[in-house]
Amino acid sequence: MGLLDPLPESAHQVTWLMGDRGVPRTYRHMNGYSSHTYMWINGAGERFWVKYHFKTDQGIEFLTQAEADELAGSDADKHRRDLYESIEAGNAPSWSLKVQIMPFEDAADYRFNPFDLTKVWPHGDYPLIDVGRMTLNRNPEDYFVHIEQAAFEPSNLVPGIGPSPDKMLLGRLFSYPDTHRYRIGPNYAQLPPNRPHSPVNSYAKDGPMRYEPSRAARPYAPNSYGGPAADYGQFGDPASWQTAGELVREATRRHAEDDDWGQAGTMVREVLDDAARDRLVANVSGHLKADVSRSVLDRALQYWHNIDKEVGDRIAANFA
């Protein structure tokens, strides 16, 4: 790959992280996103693609780079303590849950790959829809028990929600529970912070630290001894995206804007104001001054020129 052809996939995320949103003032003052695309199936069996947005009700607030540098060295637990103290004082933070919904058939011919983790669906095409609110109103009783042993995984889905052909999501469906098995143990789902309120019937049996017996002599399926078998009739077939074969196995198709720098450029020119652009230039320039070799510096300057010429020129002016 030559000097003048850096890839654009990371540009939107890098621009986001190097700007104000990359250094939130507190956990309470930042948004959360699924990033991945998931699938919803309604009662009629119709399928849709969905992205989740958790918008902070406290408003967006950020730290300057200088403030963040000072806190990193003097008070590394600042964010965690702020969240704990806010909840303890009765100032429970909340986030409004909104979703973007794309009809199943739109994905094939959309102008960029809608399952590309590095892309954002324009709100003009798929507007945000209000769903509800998440409120953090109780602190953990014991940090190790309820936080360190918590095990979240995108494969833990309820009926009606399924994965998409997002390649990063498909990797995480496997890697997250596999990491929990290594980090906590094979029976991590039995621990209090992870176990569901309803009874669980699975094919899992034995293993270190298992304390709930499987109550099945032959916990595998199918078997000829009357062992357990999943009742798909109760919930229907698992969520899938069968179309022309399995979508994830189809040959990669290029979309008109897959290799476009436009989303990052639009953020710089239309989302950020003058002051935010000033901080973006200062943040990027400051990091690039930290013993970056000339060859890497040249590639970084070309990268920012590809995103936006004016911002790229301003960054480059610091290295003239």
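A residue is called buried when its relative accessible area is under 20%, exposed when that area is over 50%, and partly exposed in between, with a 1.4 Å probe and protein chains only. The model is predicted, so local features need pLDDT of at least 70 and side-chain atom pairs count only at pLDDT 80 or more, while totals for chains, interfaces and linings use all residues. Residues are numbered from 1 along each chain as its sequence is written, and side-chain values use heavy atoms, with hydrogens and water left out.

Ten aromatic pairs are present in the structure. Rings of Phe, Tyr and Trp (its six-membered ring) pair if their centres lie within 6.5 Å; planes under 30 degrees apart are stacked, over 60 edge-to-face, and the rest tilted. One of these pairs joins Tyr38 and Tyr52 edge-to-face, at 5.8 Å centre to centre and 65° between the planes. Because Tyr38 belongs to strand 2 (residues 38–41) and Tyr52 to strand 3 (residues 47–56), the pair ties together parts 14 residues apart in sequence. Strands (E, at least two residues) and helices (H or I, at least four) are DSSP runs numbered from the N terminus. Tyr38 is buried at 12% relative accessible area, and Tyr52 is buried at 16%.

Trp49 and Phe104 form a stacked pair, 4.9 Å centre to centre with 20° between the planes. This pair links distant parts of the chain, 55 residues apart: Trp49 is in strand 3, and Phe104 is in the loop between strand 4 (94–103) and strand 5 (129–135). Trp49 is buried, with a relative accessible area of 0%; Phe104 is buried as well, at 13%. The charged end of Arg47 sits over the ring of Phe104, 4.1 Å from its centre; the criterion is CZ of Arg or NZ of Lys within 6 Å of the ring centre and within 35 degrees of the ring normal. Elsewhere, ring pairs link Tyr110, Phe112, Trp121 and Tyr126 into a cluster.

The loop between strand 4 and strand 5 also holds Thr118, which is partly exposed at 27% relative accessibility. Thr118 touches Glu9, His12 and Gln263, leaving aside residues up to four places away in sequence; contact means heavy atoms within 4.5 Å. The C-alpha atoms of Thr118 and Thr37 are separated by 11 Å, although these residues are 81 residues apart along the chain.
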